[in-house]
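Student: I have a structure open and want to go through it piece by piece. Can you walk me through the fold?
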Amino acid sequence: RRDAALAEVRGPGATADGHPVALLANIGGVEDAELAAAQDVEGVGLFRTEFVFLSAGAAPTVEEQTEIYRRVFAPFGARRVVVRTLDAGADKPLAFADLGEEENPALGRRGLRLSQARPELLDAQLEALAAAAEATGADVRVMAPMVATAAEARWFAERVGSAGLGSAGVMIEVPAAALRAEQVLGAVDFGSLGTNDLAQYTMAADRMQGELSDLLDPWQPAVLDVIAAAASGARAAGKPLGVCGESAGDPLLALVLTGLGVGSLSMASSKVPAVRLALSAHALEECERLAELALIAEGPEEARETVRAAIAPEL
Ligand code: PEP
Ligand code: MG
């Protein structure tokens, strides 16, 4: 019965009362792009460009990058493709973007901080993205990783604009950016919550350390509070906010995130059907009530169970 229900609900994501929630794919390269584009998704919410260059010894040229991005964009036609500029450092080191040993790489010059230290790398990437967008006619939107301040967001948006790209955004994955989302998002066109790093930095728990997985649970009330703060800042700034961390693929949490005001969810494309089905069964007001229940819980298990019990028996 569940398989039949999954197959029956198709097309753009929406709650039972028709509130749209875009359902997007996370991808890491050309092959992923081809697989995801063949699925019923509204586009890409996170293209992790650093994945393409993990084994590259030297910085890829603009021409090499343009060719790869062209092959990533083409399968999506007119659908949106949100591209994250190189998120190098910490758990994703790149040989050609290495600033030397650091005591605490996760707290060091990674993501946008590395782009600020090596702006020529960012400019080459933006030039290639603009050329590939032009060649394919794709709806390309570019966002920066590891942004902490409004000044960083403004610096990035200026560079994206100078490259001739139309839309600049930032990942909200550092608590500082979530708490100041109104100002940070005021400097750009959109935001996307990276709940993997947001949990890591909110809970001060290394995401690479399996023993800490309980602390890294996105249902942790403190993580939900930080997400709620970001959503209210986005609302005040009048800017769209999505989620592209693993949490977006949890159907139950997707309802809570929607209730908190998130307007798009990006995940492994295999997870989209279950999230679409969950959304289609609940009105926006119900999602808002579920979000309230999750926020008042004392711990992650209680939050999950309370929300599950409130919507039983469908999930
Ligand atoms: C995140 O941090 O939640 C995210 C989506 O980015 P990554 O997992 O690539 O750091
Ligand atoms: Mg991240």
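This is a predicted model: local features need pLDDT of at least 70, side-chain atom pairs count only at pLDDT 80 or more; totals for chains, interfaces and linings use all residues.

Student: Which strands make up the closed barrel, and how are they paired?

Tutor: The barrel has eight strands in the order β1-β2-β3-β4-β5-β6-β7-β8, and the pairing is parallel. On average, neighbouring strands of this sheet are turned by 30° against each other, direction ignored.

Student: How many bridges join β1 to β8?

Tutor: Four, and strand β1 (residues 22–27) runs parallel to β8. In β8, serine 264 is the bridge partner of alanine 22.

Student: And what about β7 and β8, how many bridges there?

Tutor: Two bridges join strand β7 (residues 241–243) to β8, again in parallel. Leucine 265 in β8 is the bridge partner of valine 243. Between these strands the chain passes through α11, and this β-α-β crossover is right-handed.

Student: Are the faces of β8 buried or exposed?

Tutor: Both faces of strand β8 (residues 264–267) are covered. Ser264 and Ser266 are buried on one side, and Leu265 and Met267 are buried on the other.

Student: Back to α11. At what angle does it pack with α13?

Tutor: Helix α11 (residues 251–260) and helix α13 (residues 284–296) pack at about 100°, with their axes 7 Å apart. The angle is between 65 and 115 degrees, so α11 is roughly perpendicular to α13.

Student: Which residues make that contact?

Tutor: From α11, Leu255, Val256, Thr258, Gly259 and Leu260; from α13, Cys287, Glu288, Leu290, Ala291 and Ala294. By class, the contact of α11 with α13 has seven nonpolar, two polar and one charged residues.

Student: What happens just after α9?

Tutor: Alanine 204 takes a positive phi of about 50° there.

Student: One more pair. How many bridges do β2 and β3 have?

Tutor: Strand β2 (residues 43–48) pairs with strand β3 (residues 80–84) over four bridges, in the parallel sense. Arginine 48 stands opposite arginine 84 in β3.

Technical notes: Residues are numbered from 1 along each chain as its sequence is written. Chains are lettered from A and ligands numbered from 1 in the order in which they are written. Axes are lines fitted to C-alpha atoms, for helices over the stretch in contact, and angles run from 0 to 180 degrees between N-to-C directions. Angles under 35 degrees count as roughly parallel, over 145 as roughly antiparallel, 65 to 115 as roughly perpendicular and the rest as oblique. Two residues are in contact if their C-beta atoms, placed from the backbone, lie within 7 Å. Ala, Val, Leu, Ile, Met, Phe, Trp, Tyr, Cys and Pro count as nonpolar, Asp, Glu, Lys and Arg as charged, and the others, Gly among them, as polar. A residue is buried if 20 or more other C-beta atoms lie within 10 Å of its own, exposed if 12 or fewer, and partly exposed in between; C-beta atoms are placed from the backbone. Two strands pair if DSSP finds at least two bridges between them. A crossover is right-handed if, with the strands pointing away from the viewer, the path from the first strand over the helix to the second runs clockwise.
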